[in-house]
Every structure is written in structure tokens, then in C-alpha cells.
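Please keep the sequence and the 3D view open while going through the points.

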There are 2 protein chains.
Amino acid sequence: MKILLTGFSGFVSKHFLDMMNVKEPGTEIIGIAREQPTFDIASFENLNIKFCRADLLDKASVDKILSEFQPEYILHLASVSSVALSWQTPYESFVNNTNIFLNVVEQVRLNKFKCRILSVGSSEEYGEVSEDLLPLAETYTLKPVSPYAVARVSQEMLSKIYAEGYDLDIVMTRSFNHIGPGQKENFVISSFAKQLIQMSQHPSGKNILIAGDVSIIRDFLDVRDVVEAYLLLLKNGKSGEIYNICSGHGRSLNEIIQTLASQLGINVTVKTDPARVRPNENKKVIGSNQKIREELGWAPKISFEESLADILSYWKNKLQEISS
Amino acid sequence: MKILLTGFSGFVSKHFLDMMNVKEPGTEIIGIAREQPTFDIASFENLNIKFCRADLLDKASVDKILSEFQPEYILHLASVSSVALSWQTPYESFVNNTNIFLNVVEQVRLNKFKCRILSVGSSEEYGEVSEDLLPLAETYTLKPVSPYAVARVSQEMLSKIYAEGYDLDIVMTRSFNHIGPGQKENFVISSFAKQLIQMSQHPSGKNILIAGDVSIIRDFLDVRDVVEAYLLLLKNGKSGEIYNICSGHGRSLNEIIQTLASQLGINVTVKTDPARVRPNENKKVIGSNQKIREELGWAPKISFEESLADILSYWKNKLQEISS
């Protein structure tokens with residue numbers, strides 16, 4: 001296999017490489033990102049990896065890399081994926097999701113490259129959700145309510161046009177919340193895990209966690225199950241189709257906090273900071289993964305408890321490294 | 001009034017200026033376009049017009065013009081509005097519809113300008129249409145099927161985000177097919193009118209018009225009624241709302257050809273060129289104008305026959321000018 005990996009320096013990419021190193025030895029990978037990866041590419045000893053620092057907004061760079069590498073597959077992970085950040089910088093959110101994708105598919109079209117593209121999208125595209133229509137199937141009407149969500153819906157509409165109108169081989173996802181070791185702490189579960197470990201290491205008697213609305217329910221999937229789905233879709237997904245990538249289960253943030261605390265053997269009290277409660281936020285978002293299960297035989301392999309335990313281990317090691 | 005007019009050098013802008021010159025003397029207008037207008041701005045003697053040649057993709061230019069002029073209203077007409085062209089150059093279609101609009105609203109947001117924006121969109125946003133759901137109301141689910149349509153839906157989604165999320169004062173339209181004197185001949189009715197006049201002036205006995213599928217039915221509205229709707233929406237439209245701009249009537253291309261021929265007193269035979277028949281084109285598209293009628297009291301004033309007669313007059317004069 002010969003894969004171009006955009007968003008190479010990110011969390012999902014790292015886990016994709018971990019998986020490929022075991023499952024698909026000999027794979028050639030060219031990684032693109034604006035930032036140097038923090039991981040060592042030589043550590044993936046079974047893969048043949050090259051990294052190219054480039055901005056996908058720069059059409060000439062995209063063209064050059066595609067022409068030189070001629071990938072069979074493009075896994076388009078590149079994204080500025082924070083909803084909160086998209087409200088602060090909507091222009092940047094739009095161009096760094098929609099326009100970067102447009103540059104990739106347009107160069108593939110213009111050069112008539114034969115390759116399969118996996119266009120990674122987001123559950124945020126669903127936007128405003130009616131609880132009586134859960135779990136969300138791919139046929140649900142999209143009502144995007146943030147700049148990030150709009151950018152992702154635009155990307156998906158472009159994917160369909162390039163697939164149906166120009167016969168490009170594009171498979172699309174709507175990926176729900178990821179969790180897993182190595183996720184940055186601006187993501188909620190990662191942040192909780194880090195804070196709870198710090199509490200467990202400095203017992204003061206007052207284990208108070210400040211959070212937003214912890215009653216909201218989301219569909220969390222371990223990143224290692226996510227990347228398995230991506231590999232399956234690259235190999236066997238149907239062109240022009242959209243697939244939810246999700247666990248199919250809803251968990252409240254509070255349930256997650258309590259499970260993490262129980263794994264650490266501590267008690268924790270959650271205090272709500274009204275400033276962190278987002279207005280008009282959906283109470284409950286759960287996806288249906290029926291389509292990818294039935295069409296491709298995918299199923300999550302990592303239990304919720306195992307995910308949380310691995311996230312705690314990651315932070316234990318990380319905090320030890322920092323303090324030593 | 002102080003209006004910034006994007007797409008200043010175009011067909012709709014010219015008719016907007018004609019109307020403003022009569023209805024709103026004293027209005028200050030700054031026009032932006034990439035191309036110099038072909039009309040003489042001094043001819044609008046009741047208006048105070050400045051023209052600024054600029055590209056809306058250039059954020060610095062947009063910022064400078066907005067800061068210097070501080071408009072009360074922005075009528076955003078700028079667009080590369082051809083569906084056919086969008087299939088040839090999808091990248092250009094996207095950036096010259098969606099990204100130019102994003103640049104305008106983003107500069108308004110960043111500078112906290114207080115002004116009302118009319119975001120002109122297109123009936124193409126509806127895309128694939130079920131005939132049993134005609135006429136199309138604004139609540140109809142969008143299924144865009146061309147690069148141009150995707151660009152317009154993206155623009156509209158951004159409009160909603162900027163209106164609802166940032167409190168910008170934005171009114172949106174979905175404008176159906178325009179007709180009227182001065183329209184370029186890459187638009188179907190204008191092209192028919194020109195060819196029929198040439199036939200009437202060179203009677204050969206064989207009046208054969210080569211066309212695509214002339215059985216398709218569309219909703220045509222005179223551009224002079226369109227610009228009246230735009231002025232009303234700038235003044236009294238509801239912020240965050242979308243309005244169809246249409247006649248509410250469907251006319252087949254064949255009916256239009258026969259009406260034009262009858263006004264010219266000639267007979268014409270239509271021959272179908274299979275190369276001009278677009279695959280998967282909707283047979284029938286008709287809009288509902290109930291919302292703008294009921295909320296704003298707008299109604300079309302120019303009859304269909306009058307529109308066609310004026311288009312014929314325009315081409316008679318134009319062809320005379322060219323030949324003399």
C-alpha cells in the first residue's frame with residue numbers, strides 16, 4: 001500500500017501508524033502536516049515513512065507531493081477540529097477544513113490521479129439533534145450549528161460532488177468523539193483524566209473537579225477502533241458513501257468522571273462552572289454504527305473501561321516524565 | 001442610504017442602480033468588482049457612486065474598503081454564477097462564491113461594523129427536486145448537485161452562523177432564474193432572444209433554433225422585480241431569514257421561445273442538440289414567493305410578455321449598434 005496521510009502530526013495519525021506498523025508491514029507512507037510530529041517516525045520499524053512539512057492551503061505543494069508520490073490512498077485526517085476554537089476564529093476553521101480538502105481533491109481531479117480518498121468528517125455535522133431520532137443514522141438531515149460544523153458539511157458536500165460528478169473515488173465518514181491515550185488535554189476526557197490523576201497523587205481530601213455541564217451524553221469511541229474503521233473503509237468502503245464512526249452507546253461526562261475516579265480509587269465532586277456551560281448544546285448525541293457493521297463487518301474491540309484505563313496510564317507516564 | 005455593492009459590474013447591479021437612481025436619490029454607493037463596469041457611473045445622476053476595482057478574495061482590500069466607507073448596507077451580488085462553468089472549474093466556483101462571501105462577513109465581524117448584509121443565494125441550492133413538492137418553499141431540504149450549488153449552500157450556512165452566532169444582521173435570498181435586458185448571452189433566454197432577432201432580420205425561410213432540452217420548466221423573474229425585492233429586503237427583511245425571490249410561475253423554454261417568435265412575427269423550429277441536454281436535470285423547478293409577499297408586500301410588477309419584449313428591444317438596439 002502507498003498512503004498519503006494528511007494531518008500527519010496529530011493524535012489520530014499516530015494511532016493509525018501504530019496499527020499499520022503491526023497490521024500492514026511494508027506500507028509506504030508520506031505524511032503531510034504543518035507541524036513537525038512529536039513522535040519519532042523511525043520507531044515504526046515496519047513502515048516506510050517520509051514526512052513532508054507543508055500547508056495544504058498551498059496548492060502548489062499539494063500538487064507537487066501528489067505528483068511525486070502518486071499515492072494509492074489518501075487518508076485525509078488534517079483538520080482544525082475544535083468547535084470552541086471555531087467560534088473564535090471562524091475564517092480559519094473554514095479554510096483549514098473545507099479549503100484544504102478542496103485543494104486536495106481538486107489536484108487529484110486535475111491530474112487524473114487514480115487513488116481512493118477517505119474524507120474524514122464529524123458528528124458535529126448533525127448539529128441540532130432531536131432526541132427521539134437517536135441513534136443518528138447517516139440519513140438524518142444535517143443542521144450544523146457551529147462554524148466548524150458548517151466547514152465539515154461543506155467538505156462533505158464537495159466530497160459528494162467530486163465523487164458523483166467527477167468519478168473520484170471518495171469515501172466519507174462522520175466520526176464521533178474520539179478518546180484514547182495521547183489525546184491533547186483540550187479534549188474533555190483527556191483533561192478530566194489528567195486532573196484526576198493529579199488529585200490521586202496529591203491527596204488533599206478535597207477532590208473537586210471544575211467542569212461544564214457533565215450531564216450531557218456523547219458517543220465516545222476509542223481512537224484505536226477509529227483507525228481500524230479508517231483502514232477498512234480505505235480498503236472496502238463504497239465510493240460516494242458516508243459512514244458514521246461511533247460506538248453506538250451514549251455516556252454522560254459524569255459517568256466517565258466517576259469511572260475514571262473509581263479506577264483510581266478516589267472520590268471526586270464535580271462543580272459546575274457556568275462559564276463552561278455552552279448555550280444550546282445538545283443534551284444527548286448517539287450515533288448508529290449499523291451501516292459500517294453490516295457493510296464492512298467492523299465492530300469496536302476496545303471496551304469503554306479499557307479505553308479509560310489506557311488514558312489514565314498514558315497520563316501517569318506523561319506526568320512522571322514531566323516531573324522527573 | 002450608504003450601500004456597498006459587490007459584483008458592481010454585473011447585470012443585476014446595473015438594474016439595481018437604475019432603480020436606485022429613480023427611487024432613492026442621494027444614495028451613496030461604493031461599488032466593488034474585479035472588472036471595470038461597461039456602464040458609465042456618471043449616468044446615474046441622482047446617485048453618489050464610487051467604483052473600486054478589487055478582488056473580494058483579498059482580505060486586506062475588503063477590510064480597507066469597509067473601514068473607509070463604513071456602509072450601512074452591503075448588497076452582496078458578487079458571484080461566479082454559472083452552473084456549467086462550475087463543472088469546468090469547481091475550485092474557482094467555490095472560492096469565488098463561498099470564500100469571497102466569508103471574507104466580507106468576517107471583516108464585518110472582526111471590525112464590529114454595524115451594517116445589514118443581503119446575502120444573495122440561488123435556487124440551485126434546492127438541487128434535486130421532487131415535483132410533487134412544488135412550488136418550493138424555503139423550508140424544503142436542500143440537495144445541491146453541482147459545484148456552484150454546493151458553494152451557494154456553504155455561503156448560506158455561513159450566513160446563518162454569522163447571523164445567529166455573532167449577531168450580524170444578515171438577510172438571505174434564494175434567487176431563481178433572472179431575465180431582463182442587458183443579460184449576457186451565456187444565459188439561455190438572452191441567447192434565444194438574440195438568435196431569434198437575427199433570424200427575423202435575415203429571413204431565409206428556415207428558422208431553426210438549436211437548443212438543449214426545451215421542455216424543462218423554470219421559474220423566471222424579471223431582474224427589475226428582483227432588484228425591487230433586494231431593496232425591500234435591505235430595508236425590511238428579517239435578520240437571519242431566507243427568502244425565495246421568484247415569480248411563482250413555471251414556464252417551459254419552448255413556451256418562451258414561441259412567445260419571443262410570436263412577438264417578432266416569425267415561426268421557429270427548435271432542434272435538440274443532444275450534447276446540450278444535461279443529464280439528471282430537473283424537469284420542473286418552481287418557487288413559492290409566499291413568504292416575501294406576505295412579510296414584505298413584495299409582488300412582481302413586470303409581466304412575462306413585457307419582460308420578453310424588453311429583452312428583444314435590448315438585442316435589437318445592441319445588434320444595430322454593433323452593425324453600424
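Predicted model: local features only at pLDDT ≥ 70, side-chain atom pairs only at ≥ 80, totals over all residues.

1. The contact between the chains takes 16 residues from chain A and 16 residues from chain B, two residues being in contact if their C-beta atoms, placed from the backbone, lie within 7 Å. On the side of chain A that touches chain B, α4 (90–111) and α5 (147–166) of chain A each supply at least two residues, and the largest share, eight residues, comes from α5(A). Helices (H or I, at least four residues) and strands (E, at least two) are DSSP runs, numbered from the N terminus. By class, this side of chain A has 12 nonpolar, three polar and one charged residues, where Ala, Val, Leu, Ile, Met, Phe, Trp, Tyr, Cys and Pro count as nonpolar, Asp, Glu, Lys and Arg as charged, and the others, Gly among them, as polar.

2. Residues are numbered from 1 along each chain as its sequence is written, and chains are lettered from A and ligands numbered from 1 in the order in which they are written.

3. Chain A is divided into domain 1 (2–178 + 220–245) and domain 2 (183–218 + 249–283 + 302–323), with bounds that come from an automatic or database domain assignment. The C-alpha centres of domain 1 and domain 2 of chain A lie 28 Å apart, and the contact takes 10 residues from each of these two domains. On the side of domain 1 of chain A that touches domain 2 of chain A, at least two residues each are supplied by β7 (177–179), β10 (220–222) and α7 of chain A. By class, that side of domain 1 has three nonpolar, three polar and four charged residues.

4. In chain A, seven strands form an open sheet in the order β3-β2-β1-β4-β5-β6-β11, and the pairing is parallel; two strands pair if DSSP finds at least two bridges between them. At the edges stand β3 (48–53) and β11 (242–245) of chain A, each with a single partner strand, so one side of each is left without a neighbour in the sheet. The twist averages 20° from one strand to the next. Within this sheet, β1 (residues 2–6) and β2 (residues 28–33) of chain A pair in the parallel sense over five bridges, and the bridge partner of A:Leu5 in β2(A) is A:Gly31. Helix α7(A) packs on the sheet, touching β4 (73–76), β5 (116–122), β6 (169–175) and β11 of chain A, and its direction makes about 145° with that of β5(A). Here axes are lines fitted to C-alpha atoms, for helices over the stretch in contact, and angles run from 0 to 180 degrees between N-to-C directions.

5. How do α1(A) and α7(A) cross, and at what angle? The axes of α1 (residues 11–23) and α7 (residues 223–236) of chain A come within 9 Å and cross at roughly 70°. That makes α1(A) roughly perpendicular to α7(A), since angles under 35 degrees count as roughly parallel, over 145 as roughly antiparallel, 65 to 115 as roughly perpendicular and the rest as oblique. The contact includes A:Phe11 and A:Phe16 of α1(A) and A:Tyr230 and A:Leu231 of α7(A), and its residues divide into nine nonpolar, one polar and two charged.

6. Helices α6 (residues 188–201) and α10 (residues 304–323) of chain A pack at an angle of about 60°, with their axes 9 Å apart; α6(A) and α10(A) are therefore oblique to each other. Among the residues that meet are A:Ile189 and A:Ile197 in α6(A) and A:Trp315 and A:Leu319 in α10(A). By class, this contact of α6(A) with α10(A) has seven nonpolar, one polar and two charged residues.

7. Chain B also has an open sheet of seven strands, in the order β3-β2-β1-β4-β5-β6-β11, with parallel pairing. Four bridges join β1 (residues 2–6) of chain B to β4 (residues 73–76) of chain B, which run parallel, and B:Leu5 stands opposite B:Leu75 in β4(B).
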